[in-house]
Amino acid sequence: MNEIAKRTALQSHAAYLAGDHDFQSDIDIMTGSEVIGTVLETIMLATNMRFAAVARVTADRWVACRTVDEVNFGLVSGDEIEIRSTFCQSVRTTGQRVLFNDVATDDVYQNHPIAMNFGIVSYASIPIYRSDGSFFGTLCAIDTEVRDVKHPRVVAMLEMFASVISQTLENEEQLAAQELLLRKERELAQIQEEFVAVLGHDLRNPVAAFGAGLRQLERHPEPGKITAVLPLMRSSMRRMNELIDNIMMHAKSRLGGGIRIAATPDAPLAQAINDVVEEIRMAAPQHRIDLDLRFDGPVHCDASRIAQAVSNLLSNATNHATPGSAIAVTGTDAGGEVSITVSNRGEPIPDNLIGDLFRPFRRGQKATSEGLGLGLFIAASIARAHNGSLDVECQDGITAFALKLPRPAGNPVLESETPGDRQHD
């Protein structure tokens, strides 16, 4: 870039090459279009002007999107100059083109400071509008020598090319939008196929187990057989209910813009978590679940939703826990924050999977149950709906998920209340 451009540059070609320019998409369209290149070359051939450009112009920005420069102004795609040092500010404000053949003799722009600053002798700037009437920028042609750019045929050509650029811009943006939509539809179709396949697999197993239990009870209705079969049937029912709850929650979240909660200032959180733990103890008797809740007073939350999140965390723990090891559920209330942690011993989560844990339809590589990959996503969404968070930590062979809820300013710990449930197995 020459000295004139250097002393006025804001963003530059380097920002565009790095992919982080403020007008990256506009520049990409202009630099990637063969039509735009042909337009600029044609303008230079027809007018003998030695610099032509399409510029993106806003109320306070002038950025070169594409240039053809035989004068060595030094402006290339992405380079920016101070808007007040251009004629394009006037073009944007008034909607009128700026044209002069010779700045030294022109009735309007004679010895204009902008032209003198850049050494411009002959100049043309034509407004470019989108189809909705909004202003995009300008089509510029510049030379340091006298040129006849005010000839009616030249003006008509420039106006026509400004329209061509506008239409090209619209076409390219529509194509990009269609490509993005198609890509999203493909991704959605793939997710839906995986979803249906996993849902079919996961429902088939508990339904089959439940049906087998019913057949056994029909054949052997004696009390001993009922006592042995009912826990298995209960486990199957719990698994089906969990799948249905997570699917419904995810659907409501997508349709409604997020998970909605009905928080109350005196929610029975300890009892709700205790009920979930007892349910999973009965459904998964092969796992020992230790419960230790220390909530000093009521908690402002939606207890049923928090219980659903804990249920999902426990299901995840039973899938990944080392056989024979205990799963721990602990609850604390300190420092203006309620924390519920579900931890289990097992293989650590690979670093490359941690970033995707709380995204929908992501499943662990070594889970003992396929799962829909919605459990952790729903739990994290419930935490966020409470202005809280769900974090995971793997250390010394223990994986711990901590659901943290801030206490509202108007919901202090109530010392007079009976402490929450403390229970150990």
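**Figure 1. Alanine 141 is a buried residue of strand β6.** Alanine 141 has a relative accessibility of 3%, so this residue counts as buried, the cut-off being under 20%. The model shown here is a predicted one. Alanine 141 belongs to strand β6, and the strand around this alanine is mostly covered too: nine of the nine residues in β6 are buried. Which residues touch alanine 141, once its neighbours within four places in sequence are left aside? Look for Ile43, Met49, Phe51, Ala52, Ser122, Tyr123 and Ala124. Take serine 122 as an example: alanine 141 and serine 122 are 19 residues apart in sequence, and their C-alpha atoms are 8.2 Å apart in space.

Figure 2. Strand β6 covers residues 135–143. β1 and β6 are joined by six bridges in the antiparallel sense. Here you can find arginine 56 standing opposite glycine 137 of β6. Strand β5 (residues 122–129) also pairs with β6 in the antiparallel sense, over eight bridges. In this view, proline 127 stands opposite threonine 138 of β6. Now follow the chain through the hairpin of β5 and β6: five residues lie between the strands, and glycine 133 takes a positive phi near 90°.

**Figure 3. Six strands make up an open, antiparallel sheet.** To trace the sheet, go through the strands in the order β3-β2-β1-β6-β5-β4. Which strands sit at the edges? They are β3 and β4, each of which pairs on one side only. Further in, β1 and β2 run antiparallel and are joined by seven bridges. Alanine 53 can be seen opposite threonine 67 in β2.

Figure 4. Helix α3, made of residues 24–32, lies across β1, β2 and β6. Helix α4, made of residues 34–47, lies across β1, β2 and β6 as well. What angle does each helix make with β2? Helix α3 runs at about 15° to β2, while helix α4 runs at about 65° to β2.

**Figure 5. Phenylalanine 51 and phenylalanine 73 form an edge-to-face pair.** The structure holds seven aromatic pairs, and here is one of them. The ring centres of phenylalanine 51 and phenylalanine 73 are 5.3 Å apart and the planes stand at 90°, so the pair is edge-to-face, a label for angles over 60 degrees.

**Figure 6. Phenylalanine 87 and tyrosine 109 form another aromatic pair.** This pair is edge-to-face, with 5.5 Å from centre to centre and 90° between the planes. Phenylalanine 87 sits in the loop between β3 and α5, and tyrosine 109 in the loop between β4 and α6, 22 residues apart. Follow the ring pairs onward to see a cluster of Phe87, Phe100, Tyr109 and Tyr123.

**Figure 7. The largest nonpolar core holds 43 residues.** Leu269, Ile273, Ile306 and Leu314 touch the most other members of this core. Among the elements giving two or more residues are α9 (269–283), β8 (288–293) and β10 (326–334). Helix α10 gives the most, with eight residues. Leaving aside neighbours within four places in sequence, leucine 314 is in contact with Val276, Val277, Ile280, Ile289, Ile327, Val329 and Val342. A second, separate core has 32 residues, including Phe23, Leu40, Val155 and Leu169. In soluble globular proteins, nonpolar side chains tend to be buried together.

Figure 8. The mean pLDDT is 82, and 81% of the residues reach 70 or more. Confidence is highest in β4, at 96, and lowest in helix α1 (residues 3–8), at a mean of 43. Two stretches to read with care are residues 1–9, where pLDDT stays under 50, and residues 365–370, where pLDDT also stays under 50.

Definitions and conventions: Residues are numbered from 1 along each chain as its sequence is written. This is a predicted model: local features need pLDDT of at least 70, side-chain atom pairs count only at pLDDT 80 or more; totals for chains, interfaces and linings use all residues. Side-chain values use heavy atoms; hydrogens and water are left out. A nonpolar core is a set of buried Ala, Val, Leu, Ile, Met, Phe, Trp, Tyr and Cys residues joined through side-chain atoms within 4.5 Å. Buried means under 20% relative accessible area, exposed over 50%, partly exposed in between (1.4 Å probe, protein chains only). Helices (H or I, at least four residues) and strands (E, at least two) are DSSP runs, numbered from the N terminus. Contact means heavy atoms within 4.5 Å. Rings of Phe, Tyr and Trp (its six-membered ring) pair if their centres lie within 6.5 Å; planes under 30 degrees apart count as stacked, over 60 as edge-to-face and the rest as tilted. Two strands pair if DSSP finds at least two bridges between them. pLDDT is the predictor's confidence in each residue, from 0 to 100. Axes are lines fitted to C-alpha atoms, for helices over the stretch in contact, and angles run from 0 to 180 degrees between N-to-C directions.
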